[in-house]
Amino acid sequence: MVYLVDEGKNVLEQKAAFGPKNQREREIINPLVIPVGQGIVGHVAANAYPLLINDTTKDARYMADDELRCSELAVPIIHDQKVIGVIDSENRKKDFFTQEHLKTLTTIASISSFKIAEAKTEILAREHELKLLEVNSLFAESQLKALRAQMNPHFVFNCLNSIQECIVTKKYNEASAYLNKFAKLLRQVLNRSGKLLIAIEDEAEILTLYLELEQMRFDHGFQYEMHIDPDLEADDILMPSMFLQPFVENALWHGLMHKQGDRKLCIGFFKTSEDIFTCIIEDNGIGRKKSAELKEHKVLAHGYASKCMKMNAERLEILRHQQYHASMEIIDLYDNTGEPSGTKVIVELSTNILAK
Amino acid sequence: MIRILIIDDEHKARNILHHYLVDHIPEAMDIRQADGVDAAIAMLGEFSPDIVFLDVEMPVKSGFDFLVEVKSPSFDIIFTTAYNQYAIQAIRFSALDYLLKPIDADELKGAVQRHLDQKASTREKEELYQNLVRNLGKKDTRDFKIAVSSAEGAHFFVIDDIIRIEADSSYAHIFLTEGKRFTASKTLKHFEEMLEEYSFVRIHKSHLINPAHLLQVNGDHSIAVMRDGSQVEISRRKKEDVKKLIKTK
């Protein structure tokens, strides 16, 4: 009987047999599971040392499986100084096994250890491959979603509405400027459609256009700042496209628009180390707690931004699966008197994200 | 002469409506504006509008919050929205009026004309608004109740109750479960647009059916037999679609 160690469960499982427990091909009848340390086999696994028992009736460790047998020989299968299994042989007669048997079985154990280890590695590789496939399909799915979520339709139609206002009120220069900016944004977004990754510089440009359009729509009812660290290779480093858009929309709609007076939004891209860069989106709005309270009382709560947030979390998860650094943190800000004074979103990403 | 209140958080959006009303609606005489729900409610004390143009998506309080706070409006509401499929469906299901932004002048004229022509009683209007508020409490639009005005007043029913709808020039006969039926002064096209996302199928130029109530097809796919026993003609070009429907059942 050959047992293999299941490391996770710390038990020995019967895997292959010759004798009454194996009557058909490679199938074992009632396969036994033994905790490492229990019985003769368990003892051999725990101590990595063979046992030759001449009379099992005198050994308290003996556990009968399908029938009682009087002598037993068990040798560990060792690979990389670790017990990976046990070969066990039993006989009805007392004093059946000799030192010669022990030597032979030890040799067999050492030969098979290589084969078993090889097979195990193969299974692990296959599992890893399956996991990779899973990640890839998750990736493909989120790619589709990302394409669909490129632009908030509500934003698009509101822009068109604002352009219409300029025409109706005969502010033709403003209408034209508005239309140009809107066309520029549309072109940027369309050019990048299908691409999952985008240079930091381009992401920043799209965000700037978006914010300029929203500023026009709200008669400059808020201020914004866009900062790119000069040490950061913003034209070269890639990041997930349209990733920051929902955070910016959130800051604008749920942080700033609920507030009276001075409204400010700061977006920054900074070099953290050779391998990591940081994006920061900070607003001086009403804060997350108050915003959530307002939302709770509102009959119609926005669904779009929260959908995007969920998608962003998935995208970060995928990047982590691909062994990149990807983290996100949302911090509630407070002023000197302890009053909420805004929200800060910090996203950290690897500088070496590659297009696949 | 009609008095009008425009509620929208965006100054530009209010401005467009104001201009369009001045240019296209000669009956409009007193047009006022409010930049939010609270401001509008404060105005209602000394101003009683005939029509309120109400933006759906506003920060702090939405247009629907206005409706909830006003409870039984003495005016007609025409909703305005840039894009919100859920809100639009809720409004359509309650047989209320809405305009999409950017505003189309002809659609605006049509909505105001419907206000001038309407014969619905105050009670009926109140029921329609209540239905809208009730619908907004449902997450899934499938659970919305459809409101249909007929000569006897408003009827309310869920999508699953509809077996089929039959066109009759500019009217539509709606056949419901339990043998109920009534006639709406809307075209079949109106219902087709409203119900196609719930997999209703137009099997003939005069017939829209709910596949959930389709039992079988007879006569070489030319007749659909519905759960209430009614037999509905299938047009030649729709035979293939109906075949697929039966297969997937």
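Mentor: Start where α4(B) ends: the helix is followed by Ala95(B), whose phi is positive, near 55 degrees. Keep in mind that this is a predicted model.

Trainee: Which residues of α4(B) are buried?
Mentor: The helix covers residues 85-93, and its buried residues are Ala87(B), Ile88(B), Gln89(B), Ala90(B), Ile91(B) and Phe93(B).

Trainee: What do they pack against?
Mentor: Several elements of chain B: the helices α3, α6 (122-136) and α7 (188-195), together with the strands β4 (76-81), β5 (97-100) and β6 (145-150).

Trainee: You mentioned α3. How many of its residues are buried?
Mentor: In α3(B), 6 of the 8 residues are buried, so the helix is largely enclosed by the rest of the structure. The buried ones are Gly63(B), Phe64(B), Asp65(B), Phe66(B), Leu67(B) and Val70(B).

Trainee: What follows α3(B)?
Mentor: Lys71(B), and its phi is positive, near 65 degrees.

Trainee: Let me zoom out. How is chain B divided?
Mentor: Into domain 1, residues 2-136, and domain 2, residues 162-248. Taken over C-alpha atoms, the centres of these two domains of chain B are separated by 34 Å.

Trainee: What box do the C-alpha atoms of chain B fill?
Mentor: Roughly 65 × 35 × 30 Å along the principal axes. Chain B has 249 residues, and buried residues make up 50% of them. Its secondary structure comes to 8 helices and 15 strands.

Trainee: What share of the contacts is between residues 24 or more positions apart?
Mentor: In chain B that share is 55%, taken over contacts with a separation of 6 or more.

Trainee: Now the interface. How many residues of chain B are in contact with chain A?
Mentor: On the chain B side there are 27, and they meet 25 residues of chain A. The area buried between the two chains is about 2,400 Å², and carbon and sulfur atoms give 62% of that. Of the area that chain B buries against chain A, Glu10(B), Lys12(B) and Val60(B) supply 28%, more than any other three residues.

Trainee: How many salt bridges are there between chain B and chain A?
Mentor: The count is 3. One involves Glu10(B) and Arg217(A), with the closest N and O atoms 2.8 Å apart.

Trainee: Which elements give two or more residues to the chain B side?
Mentor: Those are α1 (11-24) and α3 (63-70) of chain B. The largest share, 7 residues, comes from α1(B). By class, the side of chain B that touches chain A has 15 nonpolar, 5 polar and 7 charged residues.

Trainee: Back to the backbone. Where is the cis peptide bond in chain B?
Mentor: Between Lys101(B) and Pro102(B), with omega about -5 degrees. Pro102(B) sits in the loop between β5 and α5 (105-117) of chain B.

Trainee: What is phi at Asp220(B), and where is that residue?
Mentor: Phi of Asp220(B) is near 50 degrees, a positive value in a residue other than glycine. The residue is in the loop between β13 (214-218) and β14 (223-226) of chain B.

Trainee: Is Asp220(B) buried or exposed?
Mentor: Exposed, because its relative accessible area is 60%, and exposed means over 50%.

Trainee: And Asn210(B), buried or exposed?
Mentor: Buried, because its relative accessible area is 2%. Asn210(B) lies in the loop between β12 (207-209) and β13 of chain B.

Trainee: What does Asn210(B) touch?
Mentor: Leaving out residues up to four places away in sequence, Asn210(B) touches Ile159(B), Asp160(B), Ile162(B), Ile163(B), Phe200(B) and Met226(B). A polar atom of the Asn210(B) side chain lies 2.9 Å from the backbone oxygen of Ile162(B). Asp160(B) is 50 residues from Asn210(B) in sequence, with the two C-alpha atoms 8.0 Å apart.

Notes: Residues are numbered from 1 along each chain as its sequence is written. Chains are lettered from A and ligands numbered from 1 in the order in which they are written. This is a predicted model: local features need pLDDT of at least 70, side-chain atom pairs count only at pLDDT 80 or more; totals for chains, interfaces and linings use all residues. Side-chain values use heavy atoms; hydrogens and water are left out. Domain bounds come from an automatic or database domain assignment. Contact means heavy atoms within 4.5 Å. Buried area is the accessible area (1.4 Å probe) that two parts lose on being put together, summed over both. A salt bridge is a side-chain nitrogen of Lys or Arg within 4 Å of a carboxyl oxygen of Asp or Glu. Helices (H or I, at least four residues) and strands (E, at least two) are DSSP runs, numbered from the N terminus. Ala, Val, Leu, Ile, Met, Phe, Trp, Tyr, Cys and Pro count as nonpolar, Asp, Glu, Lys and Arg as charged, and the others, Gly among them, as polar. Buried means under 20% relative accessible area, exposed over 50%, partly exposed in between (1.4 Å probe, protein chains only). A polar contact is a pair of N or O atoms within 3.5 Å; within protein, one must be able to donate a hydrogen and the other to accept it, and residues adjacent in sequence count only if both atoms are side-chain atoms.
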